[in-house]
Amino acid sequence: MHAPMGPRLALLVLMAAAFVGACFNHVVARMSPYHRPKSRAAMSVWDSNNESSASPQQVHVSLVGQDKMRISWITQDSVPPTVEYGKSPGVYQNSSTGTTSSYKYTLYTSGKIHEAVIGPLETNTVYYYRCSSDSSREFSLKTPPAQFPIKFAIVGDLGQTEWTKTTLQHIGQSNYDVMLLPGDLSYADFYQPRWDSFGRLVEPLASQRPWMVTQGNHDVEKIPIIHPHSFTSYNARWRMPYEESGSDSNLYYSFNVAGVHIIMLGSYTDFDPSSAQYKWLQADLGKVDRTRSPWVVVLLHAPWYSSNTAHQGEKESVGMKASMEGLLYQARVDMIFTGHVHAYERFTRVYNEKADDCGPVHITIGDGGNREGLAKSYMDPTPQISVFREASFGHGQLEVVNATHALWTWHRNDNDEAVEADSTWLTSLSSNPGCKV
C-alpha cells in the first residue's frame, strides 16, 4: 500500500505530467496535422408544446457581487418576476422579486424578460429555485467557491450548430464553477428568434452555473436607419453586473471570484484613451489588490495577437491593442482570452510583439462551434511567440489551483469526444519577484 502524497508533492507530480504532455502535444501539433471532421448543420431549439406560455424558459444565472446571483428568464405571458429558492428540493425559504422588460427589433417583439437578484448566498453550495412560482420546472444552481481551487470553462463564438451542442456537452462534463464567454453568443445575426433558440440551447448549463459573457461583432445587430441602436438584444437578454464595478455600460465590467479578478472588455465600443471604457479600465486596474486577487484575467472578442490569416488588421484588434496593451502590461495581467478567429491558438507571455516574462499569455478560443466554420489558414512560418495553434472546435478549462499556479487545458472536440490537445501550467505574475508592479 502506497503512502498518500502531500499536497505539494501532488502538485509537483501534476505539473511534471502536464509539462511532458504539453511537450508531446507541441511536437504532435507541428509534425502531424490533425484531420478535422466535416462541418455540421446549424440547429434550432424551439418552444416545447408541453410548456405553457407562463412557463419560464431560457433561464440563465450570473454573478452579482461577492454573494449574490442574478436569475434571468423569459415567459410569453405576464407573470411576477419572482424567484423562490432554498437548499432543498421543493423547499423555498427565501424569495426575491425583480423586474420585467421587453424590447422591439424591427417587426419582432420579445417575450417578457424577467430578472431577479437572489442572496446573500453561501459559497460552494447548491440551491434549488423556481421562477414566477411555476411548480412545473424546478432548477438548481451551484455557487462558486470563496477560495482556491476554482475551475473556469472558457469558450467563444458558440453559435448554434451540432458542433455547439457537442461542445456544450463536454463543458457540462467538466465540473466547472464559472463559464466565461468572450463574445459572439447566438449568431442570431438580426433574426431575433435565434436569440430565443440560443437561450433554450444553453439553459441546461446556464441555469446551473454562472455564465459571464462579453460581446462580439455578431452581437452588435445594428441596421442603419431601420434599427440604429447596437446590442439591443444582447443588453436586454444578457445583463451583466457592470454597475457593481463602477462601469456605465453592460459592454465592459469586472468581478472578483475566489481570488481571481476578471475583466470583461468591449471590442465593439469606444476604446481610445479618451473613451469611457479606457478611463473605467484604468480606474478598475488601480483598485485591484493582488494580495486578495493574485490572478488577473481579461476577456475581449477581437484578438490582439493571432497568426491565423482570418481577421487580420481590423481596427477592433489593432486599435484596441494600441490603446490598452500598455495598461494591461503595467498592471501585470496574467492572461487574455479572445474569440473572433474560429480556431485555437496559445501564445507565450508577450508584450509589444515580443516574448516578455511579465506580459500576459494570449489565448484565442473562438472555436465553440459557430455556423461559419473554422478558420483553417495560418501564417507560415509560425511566429516564435506562438506556442500552439490548431483550427478545430473545442473548449478550454482554466483550473486556478492556488495563488501561484494554474493549469490551462484545451480540449479538442474530436468526433463528439473531448480530447485534451494542449496544456500548460502557468505561474501568476504577482508571485514573480521580477514582475512586481
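How many helices and how many strands are there in the protein chain? The answer is six helices and 24 strands. Before I go on, please keep in mind that this is a predicted model.

Okay, the overall picture. The chain has 437 residues, and buried ones make up 57% of them. Then take the contacts with a separation of 6 or more: 70% of those are between residues 24 or more positions apart.

Let's do the cysteines. A disulfide, as you all know, is a covalent bond between the sulfur atoms of two cysteines. I had the whole structure searched, and one disulfide turned up. It's Cys358 with Cys435, and the two sulfur atoms sit 2.0 Å apart. This pair ties together distant parts of the chain, 77 residues apart: Cys358 is in the loop between β19 and β20, while Cys435 is in the segment after β24. If you like handedness, the link is left-handed, with -85 degrees about the S-S bond.

So are those two cysteines buried or exposed? Cys358 has a relative accessible area of 9%, and since the cut-off for buried is under 20%, Cys358 counts as buried. Cys435 is buried too, at 2%. And while we're on cysteines, Cys131 comes out at 0% relative accessibility, so that one is buried as well.

Now over to the helices. Packed helix pairs get described by two things, the angle between the axes and the distance between them. For α5, residues 276–287, and α6, the angle is about 15 degrees and the axes are 10 Å apart. That makes the two helices roughly parallel. Their crossing is right-handed. On the α5 side the contact is made by Gln277, Tyr278, Leu281, Gln282 and Leu285, and α6 brings Met320, Ser323, Met324, Leu327 and Leu328.

Staying in α6, which covers residues 315–330, have a look at Glu325. Glu325 is a buried residue, with a relative accessible area of 8%. What does its side chain make a polar contact with? That would be the side chain of Tyr305, at 2.6 Å. Beyond its neighbours within four places in sequence, Glu325 is in contact with several residues, among them Trp304, Tyr351 and Asn352.

As a reminder, most residues other than glycine have a negative phi, and most peptide bonds are trans. Asn352 has a positive phi, near 55 degrees. You'll find Asn352 in the loop between β18 and β19, and at 47% relative accessibility it is partly exposed. Ser132 also has a positive phi, about 55 degrees, without being a glycine. Ser132 is in the loop between β9 and β10, and it counts as buried at 11%.

Then the cis peptide bonds. One joins Gly119 and Pro120, with omega about 5 degrees, and Pro120 is in the loop between β8 and β9. Another joins Asp380 and Pro381, again with omega about 5 degrees. Pro381 is in the loop between β20 and β21.

One more proline, and then I'll sit down. Pro149 is in the loop between β10 and β11, partly exposed at 48%. Apart from neighbours within four places in sequence, Pro149 is in contact with Val400 and Val401. Its C-alpha atom is 9.9 Å from that of Asp177, which is 28 residues away along the chain.

Conventions: Residues are numbered from 1 along each chain as its sequence is written. This is a predicted model: local features need pLDDT of at least 70, side-chain atom pairs count only at pLDDT 80 or more; totals for chains, interfaces and linings use all residues. Side-chain values use heavy atoms; hydrogens and water are left out. A disulfide is a pair of cysteine sulfur atoms within 2.5 Å. Helices (H or I, at least four residues) and strands (E, at least two) are DSSP runs, numbered from the N terminus. Buried means under 20% relative accessible area, exposed over 50%, partly exposed in between (1.4 Å probe, protein chains only). A polar contact is a pair of N or O atoms within 3.5 Å; within protein, one must be able to donate a hydrogen and the other to accept it, and residues adjacent in sequence count only if both atoms are side-chain atoms. Contact means heavy atoms within 4.5 Å. Axes are lines fitted to C-alpha atoms, for helices over the stretch in contact, and angles run from 0 to 180 degrees between N-to-C directions. Angles under 35 degrees count as roughly parallel, over 145 as roughly antiparallel, 65 to 115 as roughly perpendicular and the rest as oblique. A crossing is left-handed if the near helix is turned anticlockwise from the far one by less than a right angle, and right-handed if clockwise.
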